[in-house]
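Here is a short note for a colleague who has not seen this model before. Please read it beside the structure.

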Amino acid sequence: MALTFTEEQDELRATLRRFLTEKAPSEAVRRWTESEEGHDPALWQQMAGQLGLHGLALPEEYGGFGGGPVELGIVLEELGRVLLPSPYFATVALAGQALVASGDARAQARWLPAIADGSLTATVAFAEEGGSWRPADITANAVEDDGGWRVSGTKMFVVDGYGAGLLLVAARDATGPGLFAVDGDAAGVSRTRLETLDPTRRLARIDLDGAPALRVGPDGDATAYLRTVLDLAVVALAAEQVGGAQACLDAAVEYAKTRVQFGRPIGSFQAVKHKCADMLVEVEAARSAAYHAGAVAAEEAAHGTGGLPVAAALAAAYCAGAFTHAAKENIQIHGGIGYTWEHDAHLYLKRAKSSEQLFGGPALHRARLADLVGI
């Protein structure tokens, strides 16, 4: 398992960073968060058409480029650095990876080409009103109906669920939990945008009342498949959290070098040095955990090594806390200006806190990690 990047992967990172520096400055990010769509549709199409980002981690036979979790992690890390408001995470990291992992050729042929070319947005609807992300706690139900399925229930905290064209809904039939594809505009689907802490990532409540659906993935009890879907989701989120944490570290260090008090840069004071040093250690440790998880996920997809649950739980438990701590310290180092609405520091803290709880908090992932390794 390689933990170093190839020349092509390094070039992907450099190209995307240049692109986002030019196309997604802070003022644009703030403007998009207040728009009706919540993102820039023109930029979305550029990301798909000019850079090929939507198909990067999708199979070539369905219009993708044959990459995997490592390449996807690079993209998400760079998107996290700028807090890009975009349905990319929901569409590619959640729904796209869920479809690829399903092994369902019919479902992949039907939806992956549209995801790859940017014409379809999608998401995974998993948690319910209790807030649990465990397959055992799914109560939404699916019943067979004339060769298809009908799904009923309520889903909460659905990433970019308000406008997604395709909903992959976790629901339970008589044999156990599974995943069901529902058209976002189908009869029986009601969507409500939620008021959230983080303005750069929109969440939705989705109510389903006999909505027509198609089953995706294995028949019968698909608990193992759903756990894989969640593991891939938290690995993707960890990469994004590393990008956000690095942006906080960079902002704090740059400010410490230029802000002068008592005739000297504040970065020369021991207390500020220690804060920056501690942030660096945590960010680099988080990076190692996220990169390791991405490499393990790629190995899992290629060879079925079985190491993904442990790597995913480790990355989820550590990267969330590292991002939140870096975001808080960034505000502290900036002092009074860091608390103002005009400064971007608060946006990173809001993303950090919301991401920390997105698929269950760090305590949940630490408990799962302990169970997996037998502690």
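1. Is Glu128 buried or exposed? Glu128 counts as buried because its relative accessibility is 9%, where buried means under 20% relative accessible area, exposed over 50% and partly exposed in between (1.4 Å probe, protein chains only). Lys155, at 0%, counts as buried.

2. On the source: the model is predicted, so local features need pLDDT of at least 70 and side-chain atom pairs count only at pLDDT 80 or more, while totals for chains, interfaces and linings use all residues. Residues are numbered from 1 along each chain as its sequence is written, and side-chain values use heavy atoms, with hydrogens and water left out.

3. Lys155 and Glu128 form a salt bridge at 2.8 Å, N to O; the term requires a side-chain nitrogen of Lys or Arg within 4 Å of a carboxyl oxygen of Asp or Glu. Lys155 lies in strand E3 (residues 148–159), and Glu128 in the loop between strands E1 (122–125) and E2 (141–145). Helices (H or I, at least four residues) and strands (E, at least two) are DSSP runs, numbered from the N terminus.

4. The structure holds 22 salt bridges. Glu77 pairs with Arg13, with closest N and O atoms 3.2 Å apart. This pair joins helix H4 to helix H1, 64 residues apart, and both residues are buried.

5. Arg81 and Asp250 also meet in a salt bridge, at 3.3 Å from N to O. Arg81 is in helix H4 and Asp250 in helix H7, 169 residues apart. Asp250 counts as partly exposed because its relative accessibility is 33%.
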